[in-house]
Amino acid sequence: MRKLYFSLTANRRLTDLRPTDEEFKAIDLQLAELAKNPALGFEFPFQNQPRKLLRFDVGRFGFIYTYGDEEINVVTIF
Amino acid sequence: MPEVPKSISEARQNLPSLCQTAEARLNRYIITVQGEPQSVLLGYKDYQGLKAAAELLNRPELVADVRRGLNEIENGQRMSLEDVRKHLREHAKASEISDLATELGGKSGVDADTVATIMGVFFDKVRADFSSIGKFNIPGLGSIAVKDTQTEPPDKTIASLFGRTASPKIGRRAKASPGVKYVVLEPTITMKGLLEAGTKK
């Protein structure tokens with residue numbers, strides 16, 4: 001299972017979106033699934049970015065992330 | 001992602017295999033009618049990826065966020081999920097205090113920042129009194145005293161402390177956290193006393 005990290009921007013955006021306790025529980029569970037299977041999201045092209053960027057939705061939250069062998073990095077949340 | 005033209009009759013004959021390769025190899029099939037491109041067959045993941053890219057194009061602030069977020073990750077400016085959780089809890093607590101300060105400030109005509117400062121001092125006093133003498137006196141109303149400490153979360157809610165039956169949903173017992181001690185409080189204030197105090201101006 002990969003370790004999960006959030007960029008400072010992702011953390012700030014999540015704070016702005018003010019998830020309720022229930023929503024955060026759902027996010028927790030879904031991200032745990034994502035950590036097991038990081039290809040769950042949809043890959044999309046982004047300005048010649050060498051890293052693979054993917055989008056994964058949990059309820060009203062859209063997570064944009066990248067991943068490697070050991071970790072998942074949440075780039076931003078909208 | 002190869003784009004392969006297919007006539008509509010050929011597409012009709014081979015639809016299952018075209019769907020398979022569209023999903024597995026991300027092929028995109030341009031379906032032609034009498035030699036003219038008319039529609040596109042593509043895999044579901046490919047379609048979702050295109051939708052995500054299109055959404056980004058319409059939201060410049062999101063594009064800026066993605067760039068910023070990628071830079072931060074490159075520079076090691078990132079937080080673990082546990083740190084994010086902690087930050088959210090602290091922020092929620094600060095928001096609650098700020099919302100209450102705004103409400104009380106609105107009612108009293110005192111600016112919210114001053115109210116928030118006084119509330120901070122008040123909460124510090126509550127914490128200090130509980131730590132030193134085990135109780136907190138509310139002038140004119142009574143006191144709330146520490147009755148006991150326990151490692152299991154309390155099964156009573158504030159509502160039940162005041163003699164009201166809490167709904168099973170509200171009264172659901174929380175899970176015990178290792179190393180956390182819970183304080184059982186004993187109020188000497190009654191709901192009647194609180195209501196009477198509320199009517200005195």
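Which residue of β3(B) stands opposite B:Ile30? In this predicted model, the residue facing B:Ile30 is B:Val40. Strand β2 of chain B, residues 28-33, is joined to β3(B) by 6 bridges. The two strands run antiparallel.

These strands belong to an open sheet in chain B. The sheet has 3 strands, in the order β1-β2-β3, and its pairing is mixed. Strands β1 (3-7) and β3 (36-42) of chain B form the edges. Each of these edge strands pairs on one side only. On average, neighbouring strands are turned by 30° against each other, direction ignored.

Two helices of chain B meet this sheet. Helix α2 (residues 15-24) lies across β1, β2 and β3 of chain B. Its direction is at about 65° to β3(B). Helix α3 (residues 44-57) packs on the sheet and touches β2 and β3 of chain B. The direction of helix α3 makes about 105° with that of β3(B).

B:Asp65 is placed in helix α4 of chain B, which covers residues 60-74. Its relative accessible area is 4%, so B:Asp65 is buried. B:Asp65 touches A:Thr9, A:Arg13 and A:Thr76 of chain A. With A:Thr76 there is also a polar contact between side chains, at 3.5 Å.

B:Lys135 is found in strand β5 (residues 135-138) of chain B. Its relative accessibility is 33%, so B:Lys135 counts as partly exposed. Its contacts beyond four places in sequence are B:Asp129, B:Phe130, B:Ser143, B:Ile144 and B:Ala145. B:Pro187 is 52 residues from B:Lys135 along the chain, and their C-alpha atoms are separated by 9.4 Å.

Notes:
Residues numbered from 1 in each chain as written. Chains lettered and ligands numbered in written order. Predicted model: local features only at pLDDT ≥ 70, side-chain atom pairs only at ≥ 80, totals over all residues. Heavy atoms only, no water. Helix = DSSP H or I, 4+ residues; strand = E, 2+ residues; numbered from the N terminus. Buried < 20%, exposed > 50% of the residue type's maximum accessible area, 1.4 Å probe, protein only. Polar contact = N/O pair within 3.5 Å; in protein donor to acceptor, adjacent residues only side chain to side chain. Contact = heavy atoms within 4.5 Å. Pairing = 2+ DSSP bridges. Axes fitted to C-alpha atoms, helices over the stretch in contact; angles between N-to-C directions.
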